[in-house]
Amino acid sequence: MPALLELNDVTVTFRRRRGAPELRAVDHVSLAVARGEILGLVGESGSGKSTLARLVVGINDAAEGALRFDGAPLTASTRTSAVRRRIQMVFQDPFSSLNPRMTVRQHLAELLRVHHIVSGDQIGARCEELMSSVHLPQALLDARPRNMSGGQRQRVAIARALALEPDLLVADEPVSALDVSVQAGIISLFSELRRNLGLSILFIAHDLAVVRHLCDRVAVMYMGRIVESGATDEVFEDPRHPYTRGLLAAIPRLRSAPLTTDTAVRGEAPPISRLPSGCRFRTRCPLAADVCERDEPALAGIEQRADGSAHLAACHFAADPGVDRVSAVVPA
Amino acid sequence: MSAAPAQRAQAPLLQVRDLTISVRGAEGTATAVAGVSFDLEAGEAMGLVGESGSGKSLTLRAILGLLPPGARIVRGNVLLDGVELVGAGARTLRRIRGSRVSMVFQEPMTALNPVVRVGRQIVDGAAARRGWSRREAQEQALRLAREMGIADAEAVLSLYPHELSGGLRQRVMIAAALANQPRLLLCDEPTTALDVTIQDQIVKLLARLRDELSMSLLYVTHDLAVVAQLCGRVQVMYAGSILESGPTQDVFRSPSHPYTLGLIEATPDVEGDAQTRAIPGSAPSVFARPTGCPFHPRCPVATADCSQAEVSLTAPQGNPRHLSACVHPERVERPRQSVKAS
Amino acid sequence: MSTPSLELVPVAPTTRRARRRRLPPSLIAGLAILGVIVLLAILAPLVTSYSPTQQDLNDVLASPGGRHLLGTDELGRDVWSRLVYGARTDLRVAFLAVLAPFAIGTVLGALAGYFGGWLDAIIMRVADVVVAFPFYVLVLLLVFVLGPGSGSIVIAITAVSWVSYTRIVRGETLVARSQEYVLAAKVGGLGNLRVILRHILPNVITQAIVFAMSDIVLDLLAIVTLGYLGLGVRPPTPDWGDMMASGQQFLSTHWELTTIPGLAVALTGLGLSLLGDGLADALRPE
């Protein structure tokens, strides 16, 4: 069965000012989301993950490359209203993603009505169903965003996305702006929706810890490229790209004091206008060698698992058993 | 990770006693910080942990007298080296701000002047106070920038804030805060807006400064894991009250308050199998603070008397340094042990 | 210990209470003052005993008191009656002179801000040209060309004032357009028209309304000024400006003929200003 969503070698460009050189926010990225799968897309600021999310829902356009949805090409012209319905988005900021002047009911009813999801007299009932599916009390249907907590608003945003009965949900850092005690609830809600509705989810996060238990597969982005992808537990247990290892090492541990004062990843990502030659991570990489400066490594397979899902990494040393990956830490 | 035992014999650097802050809003006046007390030793790093609405930021700002309009200290004492800061005159506050106590904020873009080059911003305050010449000031700025790990310091110092990345701006702000060699650095969520790899760098930088300069840190954050990395002691705040306090690893390994347990279990664990769990409900608004223990409406093990009891700290595990405000600390479960994935 | 993802804590009752905030005192005062004036204007036939245009050449320049509450003017017309009917005229024209630019300016501003590109460029360049001329120069020119009368006044003021509304609404639209709820509406497949009407306009219009309140004061003054210069509402329809102009010659003997309409203008202006301030406060997001 073909994947629900396919991105083939897509590139999204932008210019800082008129006349400035064109820069690539997303640089020749290929990935796929299977039906009923939750794919995590992790990257820091400047990685291009949000741009990619917006490309999938049609806010941005691809300068190069092709998108396919449910087997058919997905372009500006083929993205009809019927197709739009099937790909919906949940945004990061729970406050600005809801119209401050509209009640929850109005948010939901508007979409139900415009797309004729149900007949007019059914709208009320459907609104109530949607509220239950995100575990919100019916009483909040007539509330406005400012009278709700961040977690409640985010559930409303999810309910709004669900109103159109999409096949694919793109969640752009949906828990980053929430208190940690509320995050877990939203994450388990996504898991539940996948289980109950067969929803496919592209889940974008800046922190690997968040995607650990939710996502089936995870892809790591750096400066517009995917540097590693594979089944979640595999990427966590055996990260093959130095950046992935750095991301994991950088996450502060709750239960143990730091083992080292050395930083996980040194330096900062260079500005996108000054892309390093060869591998773009080499300026911060503990393994950087001459080959890294000359050749940009391709995203290549390391091994095939029994279930056929591939673990890919874009590093010249990814498959090299001789490299001591575990202790490749950088002095501060 | 914390100060050497010998230093504890002296009086603490900072003493906060019964600090109570009220805020005024459209709905009236309410208590945002209710009787907070703690001590901070010289060279010690302490975390002040809480979620939105806990009052942790207000507590921090009250120390320097930087409360927002509408907020005021209703009662309580803040003693820095024995000097009372609550109600202190403008001159006293000016003298300690920037020199004995300094502060680092969450969003460097708003804390830095957008039209002044960062090099000047680092040393302006110190230069004025110490009468440095322009060349001296420049040298000091360069030295501080290098200490903060800013590569290519000379070039960076001539830039404006908007030309720097978030991580660099934060380093600049820390450099500016340290220009006068303060004994206490107040940190108001300085890494919340930063990428995780940059946060790691900044946290380790602060740890190094804490050790090399014997500087005390009062670190406000909602991220327990960062506190575990940086701070020897932690205060857990909720709805204006301290609900638990003690040595960091003690509190996180065997919490004595259901809220602390809830926070621990809600924090994603990147190494283990444990699924995170949310705390049901949401934090109360300042104007709707529950009676008795403020956490009782959301508490899984609350009993009837929890809504009546006064918030007071006891030592339920026999360790006088590990305190909890829980009425029934014996009902708090231990956190599930995370099993390292094999 | 099972943790349902259900929100157990309902919406706090205080949040509902908060919505019934007390109205700002300036709003109440403005409404009171304006309310009285508007009420009198509406009930003009009931509160006056004489027609404002009826001349009584046997009783010119009567002092206030007696049969005529505020006396009569040089043609024997009842001053109180002319004052109240004048309020009708001037307020009506002022209202129209604000409504038209408000409507036109808001539409143009929303379109310019939302679509950008050449539409934005054209609208803003035309606006720049219009605003390059001083307000009164253009208005007087237009009224002169179109001939005096309330219709011309409304047209003239509209032709000049729409620019402010356009700029305000365009600015707010630019902000609103990049808000995530607008993006969400587009992702939800809502068309541009619906997005503009339902999501952008309600959130940008408050600034335009607040501006309209201060604009109406200026328009009222403009109308009165035009009346004073003889370019306003055509006589014998009563108009405060015209009353002030004709009463001027009697300033030494019957100063009330000029002063009273002047006070009326000032009082109305005050009411409108207070209303505008109060509305700005009340509409400000918490």
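## A helix and its buried side

In this predicted model, helix α4 (residues 123-133) of chain A has three buried residues named A:C127, A:L130 and A:M131. These residues lie on the same side of α4(A), because they cover an arc of only 100° around the axis. After α4(A) comes A:H135, which has a positive phi, near 60°.

## Paired strands

Strand β1 (residues 5-15) of chain A pairs with strand β4 (residues 64-69) of chain A in the antiparallel sense, over five bridges. Within this pairing, A:E6 stands opposite A:R68 in β4(A). Strand β1(A) also pairs in the antiparallel sense with strand β2 (residues 22-33) of chain A, over eight bridges. Here A:F14 has A:L23 in β2(A) as its bridge partner. Six residues lie between β1(A) and β2(A), and the two strands form a hairpin. In the turn of that hairpin, A:G19 has a positive phi of about 90°.

Chain B also contains an antiparallel pairing, between strand β1 (residues 14-25) of chain B and β2(B), over nine bridges. In this pair, B:S22 stands opposite B:T31 in β2(B). The table sets the strand pairs side by side.

| Strand pair | Sense | Bridges |
|---|---|---|
| β1(A) and β4(A) | antiparallel | five bridges |
| β1(A) and β2(A) | antiparallel | eight bridges |
| β1(B) and β2(B) | antiparallel | nine bridges |

In chain B, β1 and β2 belong to an open sheet of four strands, with the order β2-β1-β4-β5 and antiparallel pairing. Which strands stand at the edges of this sheet? They are β2 (28-40) and β5 (83-84) of chain B; each has a single partner strand, so one side of each is left without a neighbour in the sheet. As a general point, the side chains of a regular strand alternate between the two faces of the sheet.

## Domains of the two chains

According to the domain assignment, chain A consists of domain 1 (1-215) and domain 2 (224-332). The C-alpha centres of these two domains of chain A are 28 Å apart. Where they meet, 17 residues of domain 1 of chain A are in contact with 12 residues of domain 2 of chain A. On the domain 1 side of this contact, the elements that give two or more residues are β2 and α7 (208-211) of chain A. Strand β2(A) gives the largest share of that side, seven residues. The residues of that side comprise 10 nonpolar, three polar and four charged.

Chain B is divided into domain 1 (5-41 + 55-88 + 232-331) and domain 2 (106-181). Taken over C-alpha atoms, the centres of domain 1 and domain 2 of chain B are separated by 34 Å.

## The contact between the chains

How many residues does each chain give to the contact? Chain A gives 38 residues and chain B gives 40 residues. On the side of chain A, the elements that give two or more residues are α6 (180-197), α7, α8 (232-237) and α9 (242-250). Helix α6(A) provides the largest share of that side, seven residues. The side of chain A that touches chain B divides into 18 nonpolar, 11 polar and nine charged residues.

## Chain B as a whole

Chain B has 11 helices and 11 strands. Its C-alpha atoms fill a box of roughly 65 × 55 × 45 Å along the principal axes. A compact globule of 342 residues would have a radius of gyration near 20 Å, and the 21 Å of chain B agrees with this. Of the 342 residues in chain B, 49% are buried. Among contacts in chain B with a separation of 6 or more, 67% join residues 24 or more positions apart.

B:N180 is found in the loop between α7 (166-178) and β7 (184-188) of chain B. Beyond its neighbours within four places in sequence, B:N180 is in contact with several residues, including B:G98, B:S102 and B:R129. B:N180 and B:I122 are 58 residues apart in sequence, and their C-alpha atoms are 10.0 Å apart in space.

Technical notes: Residues are numbered from 1 along each chain as its sequence is written. Chains are lettered from A and ligands numbered from 1 in the order in which they are written. This is a predicted model: local features need pLDDT of at least 70, side-chain atom pairs count only at pLDDT 80 or more; totals for chains, interfaces and linings use all residues. Domain bounds come from an automatic or database domain assignment. A residue is buried if 20 or more other C-beta atoms lie within 10 Å of its own, exposed if 12 or fewer, and partly exposed in between; C-beta atoms are placed from the backbone. The arc is that of the directions from the helix axis to the C-beta atoms. Two strands pair if DSSP finds at least two bridges between them. Two residues are in contact if their C-beta atoms, placed from the backbone, lie within 7 Å. Ala, Val, Leu, Ile, Met, Phe, Trp, Tyr, Cys and Pro count as nonpolar, Asp, Glu, Lys and Arg as charged, and the others, Gly among them, as polar. The radius of gyration is taken over C-alpha atoms; the globule rule is 2.2 Å times the number of residues to the power 0.38.
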